[in-house]
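Reader: Before we start, please show me the model. I will then ask what stands behind each label.

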Amino acid sequence: MHVHIRPRRRRFSRLSVVFLLLAALFGGTFLPAQAAGKPDRGHGESPGLRSGVNRVDLKGWAKQQLKADRARHDRARGKGKGKVGSRARGAVTSATTASTLARAVGRQAALAAPAAVGPAEPSTLVLYDTAGPYGHLGELYAMATANLAGHFGSVTAKPVSQYTAGMVDAHTATVYIGSTYYCCDVPDAIPAAFYQDAFTTTKPVTWMGANIWNMANAVGVAPFGQKYGWDPTSSYYEDGGSVGTVTQVTYKGQTLTRKVPAGQDGGVLRPNVLTGAGYPQVTRVAEGLDSSNGHTFGWAVRSSNLTYIGEIPFSYVSESDRIIVFEDLLFDALAPDTTERHRAIVRLEDISPNSEPSELREIADYLYEEQIPYGINVIPVYSDPNGTYNNGVPETVKLTDRPELVETLEYMLDRGAVLMNHGYTHQYGNAANPYNGVSGDDFEFYTAHVDAADSVIYDGPVPGDSAAFAQGRVDSALAEFAAAGLPRPDLWTTPHYAGSATDYQVFSSNYSARLERSLYFAGTLSGASSDPNRFIGQFFPYVVRDVYGTKVIPENIGNYEPEAYNNHPPRLPADLIASAKANLAVRDGFASFFYHPYFPVEPLRETVEGIKALGYTFVSPASV
């Protein structure tokens, strides 16, 4: 009789960093992949690139931004305030327009918070930059913003250069993302109509990053100050000749992290708040800390209808990151009457025909005893094409080959579990992608390798990637579930959180939702051809409708991982609980994580109890 021994394999850990921008960015890799080595059990899904963006030179972008900001500062000292960065805008500076702007200031003098949302579905206008040598960043950040706004209602995203008068008032709220610094040899591409509409509207406007000083110059520095209480034309990214080391942001009682490497930090604008009679109050919505000098400042400030955030917080994101501020501020603009609510989701990861039924039952019994619903991510075919864990003998195991496992899955479904589809084989061919070709360890829909620095680098879609390829994998997976007598899964999680834009469209057409972190590719909004490996990675604190048109259920606090791997530190129950605590700042958000059932029950118990103690309620992934 053949006794099948399931080895303790090393698995790959899922994207663990937020919003994550992704892979190989000057030392920042999107996926935390484990280098192949000793045959112990591995790490599940990939945490993703540290930077969150792939094929983007953040170091060059930061250098250019700070150079332009210094030039603006020098010009202000040399020529006097009010002229720096301005450009001729006859209509804006005319007497008639000045009168209009003055009336607008009067209308909004009493406004201390964004306007309330009406009964219609909220709509968001997302405007982004496309000019300059780093214009491609704009679309990546716009997708991240549009995804979050997709939680609330409809979204229109377009280059700010295409703005026409009246668009701001046609939407519930507007977000502008200033990723191109318009100064010096990069002429201002923002239409005068946007500056004027943003100033005169009563609708909420959120401005991130650069060019707020150009708006002040366009509408008049004095009127801007009278309405908003601060002067962008004398506000800069450097404090005392340096961007400093801004390491944390405090918001709603939570201390959030900011971990941008030196040399890639474009800084955070320090608003120059005006004092004296006649100026409105400027509220520090979130406070930044420069640990190099102990200075605090308004990382995000609000006055009248304008919320200003001094940076674009979509790079170098983590599960406890300052991006949480922006994720919650969107409620003020789009759903201010939202009731406080905190939900949690847990899913069991990388279950395959090679899994041990007794381990699954032990965890299932614990969760059932605690009345905690959960997801089970199942890989329907286990493949070890090179015999990596089978003494050199290739091995393929299907669900139908393991009736005891199928019986265990049915046992779990009867006790609160929700069946989810986690790829077909969770690996690709017989090549190391990036480890060994084994199910659960490798990518299925994207290629990657581990570099000399032990970081996982994304290389691009798999050879032959197409809608037909992806649909074929989906069809094969669903056929295996059917053959085993299991129900058809309605939820999908992409292996290692990585597929092409084409793949994501296929998954969207086959499943009601994805539960995962995802990659969003350049060209998705613009329709223009682009580098197929340029993308931004993102995870969410709440359910969204993303730019692919798919409902995405969040996974935002990572997973238990007791070992360091691929330049990612261990992640213990205390770390997951700390991230759940940080996410309490999101007024209607989730703490969603996954757990590998080959680990003991106790770390899961500690995590669950810690999250529940924070006030979270565990819900089924099928219920959201």
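Reader: What makes Glu 287 partly exposed?

Author: This is a predicted model, where local features need pLDDT of at least 70, side-chain atom pairs count only at pLDDT 80 or more, and totals for chains, interfaces and linings use all residues. Residues are numbered from 1 along each chain as its sequence is written, and side-chain values use heavy atoms, with hydrogens and water left out. Buried means under 20% relative accessible area, exposed over 50%, and partly exposed in between (1.4 Å probe, protein chains only). Glu 287 has a relative accessible area of 31%, so Glu 287 is partly exposed.

Reader: Why do the side chains of Glu 287 and Arg 284 count as a salt bridge?

Author: A salt bridge needs a side-chain nitrogen of Lys or Arg within 4 Å of a carboxyl oxygen of Asp or Glu. Here N and O are 2.8 Å apart. The pair therefore meets the definition. Arg 284 has 43% relative accessibility, so Arg 284 is partly exposed as well.

Reader: How do you know that Thr 296 is in contact with Arg 284 and Glu 287?

Author: Contact means heavy atoms within 4.5 Å. Leaving aside neighbours within four places in sequence, Thr 296 is in contact with Arg 284, Glu 287, Gly 288 and Leu 289. Thr 296 lies in strand 9 (residues 295–303). Helices (H or I, at least four residues) and strands (E, at least two) are DSSP runs, numbered from the N terminus. The relative accessibility of Thr 296 is 38%, so the label is partly exposed.

Reader: What makes Arg 361 and Glu 407 a salt bridge, and which parts does the pair tie together?

Author: The N to O distance is 3.8 Å. That is within 4 Å, so the pair counts as a salt bridge. Arg 361 lies in helix 9 (residues 357–369) and Glu 407 in helix 10 (residues 403–413), so the pair ties together parts 46 residues apart in sequence. Arg 361 is partly exposed at 26%, and Glu 407 is partly exposed at 48%.

Reader: Lys 398 forms a salt bridge with Glu 480; where in the chain are the two?

Author: Their closest N and O atoms are 3.8 Å apart. Lys 398 is in strand 14 (residues 395–398) and Glu 480 in helix 11 (residues 467–483), so this pair links distant parts of the chain, 82 residues apart.

Reader: Is Glu 480 buried or exposed, and how do you know?

Author: Glu 480 has 9% relative accessibility, so Glu 480 is buried. Lys 398, at 34%, is partly exposed.

Reader: Why is helix 5 called roughly parallel to helix 7?

Author: Helix 5 (residues 192–200) and helix 7 (residues 221–228) have axes that come within 11 Å and cross at roughly 30 degrees. Angles under 35 degrees count as roughly parallel, over 145 as roughly antiparallel, 65 to 115 as roughly perpendicular and the rest as oblique. So helix 5 is roughly parallel to helix 7. The axes are lines fitted to C-alpha atoms, for helices over the stretch in contact, and angles run from 0 to 180 degrees between N-to-C directions.

Reader: Which residues make that contact?

Author: Ala 198, Phe 199 and Thr 200 of helix 5 meet Pro 223, Phe 224, Lys 227 and Tyr 228 of helix 7.

Reader: How many residues of the protein count as buried, as a percentage?

Author: Of 624 residues, 62% count as buried.
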